[in-house]
Amino acid sequence: MPTMEGGDRIKMSFILSSSPSQASVIYINPIYYIKMDRTHIFFSTVLMALSLNTSAETIEINGTERQYEVIKSEQPAPGVTYSRLRFTDSSFQLNVNMIVTDLSNPGCRVETWCAKESSRGIEAITSAASRLTSENLKPVAAANGNFWYCYGQNEYPTYNYIPRLLSIRNGVLVTELNTGREKWDGGAKRNGAVGITSDGHIYVDYFTPDYTLKMPTREMNINVCNKGVSAKYATAGELGIYNSYYGRDTKFMYVEIDENKKLIIDEEVADATEVLLDIDEGESWMTARDISFTVKSVKKNAPAGTLGDHDLALVARGTTKAKRLAELKVGDKVQLNYSFLVTGSNVTPQFEQAICGNALVMRDGELTEHNYNEEYNSMIYSRTAYGCDADNRKLYIIVIDKSTDPVYGKSRGCTTAEMCQIARHFGCSNLANFDAGGSAEMMYDGKIINTTTEATPRDVANGLMIFSTGMSAAIDTVISENSSAAPVEWYSIDGRRLSTEPTASGMYVRRRGNSSEKIFIEN
């Protein structure tokens, strides 16, 4: 037998019936050898949890049964399952990477990652994972997220690399879900947002935002976060907020729209009211509650300033809003509240993390009209999507290629409707579509594992990242169904449970909890 190194791949076909056409093609990784009476060779799992049948399964997609195989299924951390699926029909070849995370399991944590900890920039997902690694948080997997402003768009270069729509990291509002001047791709009534609470509930739905500044004498609506503030958008003007994600030494943006509908920075004006504030002792950033700040300085008719060492800046332009903001005095207490009503559930959770895609494409297991009324969603394309189950406890991350993988073969790409039907088969109830094309990327085990449309994986603006919290020992014993304390069970390749460990040569399935691995024993 030839020597095999770790990482070597073998492609094997097993005839599971009398018909050669029903051979199951399996890609396997050698793991280790155990020397007993004969050599036993153990191979990585290629079965889905709860399934012991190696023949191809099917999913009905657009009225046609499409065959797929689970090439790999692994649990890299408590509550986290990674699966690679291969759709094999000649007219529907797809490479699908999917991660399902049980947010009720304290052995894992999900956070929004922001490129270079900024509202304005892009970064390789692998670089972000390395940067965010700590003693208590080890990155397990991640994917790209929001669309972002780039070349060819009217906002470029003023908003270059700023994520479109909502992003929240660890309770801090990074960019807003715009219901005012922008209303990109239909606005909040169309955009599919993803929010995660600190107690591990996930919501994927339409979010209705409310951004309010509470002053001693009045309340004002906030228009933008870490973006440009306009004096001419509306009669009252605009009120913007800036925090550390904008940058402490970066000048605030005073913007207008020129005759060509391009967003430009107006560097000559000095018509704003700028207020700098510090967060009060004992306070922390969080959605859906008042956060108290103390005013440290007030400037009227100011040229663009910077945040400096402060925690929050309020910048207002326009006749009404600039005048009203100027009513504040040093030492005044103000409260900032940004909250999001989840339309389907009619609740306003305290979101710790959030990102947002262009459209909600599945809701309560039903495909929405947004699969068909926008070319970006109805075209055959690579895909990234985030979803949740009906109980709002499981996060689904799906990345589908439109490329040719050197190991797994061609992947045609798909519409969002086809993606929804795949996700629904695995228990996803609500699904939001995110940036795709060359941005569609999934990181797993420290590297990008899908084959992107570009030669080198693209730097992107943000996304969600899954971490192992280091609590696996307690979880394996007490919580996880895939506990290492669970008894080992052996099955024949056709699914019959065996009373003892097999000794005859052949392929078997060894199962512990919900973790299954296919094993070839040679005697």
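This is a predicted model: local features need pLDDT of at least 70, side-chain atom pairs count only at pLDDT 80 or more; totals for chains, interfaces and linings use all residues.

In helix α1, which spans residues 125-132, the residues I125, A128, A129 and L132 are buried, where buried means under 20% relative accessible area, computed with a 1.4 Å probe on protein chains only. Seen down the axis of α1, these buried residues fall within an arc of 100 degrees, so they line one face of the helix; the arc is taken over the directions from the helix axis to the C-beta atoms. They pack against several strands, including β9 (108-114), β10 (138-144) and β35 (462-468). Helices here are DSSP runs of H or I with at least four residues, and strands are runs of E with at least two, numbered from the N terminus.

Residues are numbered from 1 along each chain as its sequence is written, and side-chain values use heavy atoms, leaving out hydrogens and water.

Turning to salt bridges, meaning a side-chain nitrogen of Lys or Arg within 4 Å of a carboxyl oxygen of Asp or Glu, the whole structure holds 20. K227 and E176 form one of them, at 3.5 Å from N to O, and because K227 lies in the loop between β17 (224-225) and β18 (238-242) and E176 in the loop between β12 (172-175) and β13 (193-197), the pair ties together parts that are 51 residues apart in sequence. Both K227 and E176 are buried.

Notes
Buried means under 20% relative accessible area, exposed over 50%, partly exposed in between (1.4 Å probe, protein chains only). Contact means heavy atoms within 4.5 Å.
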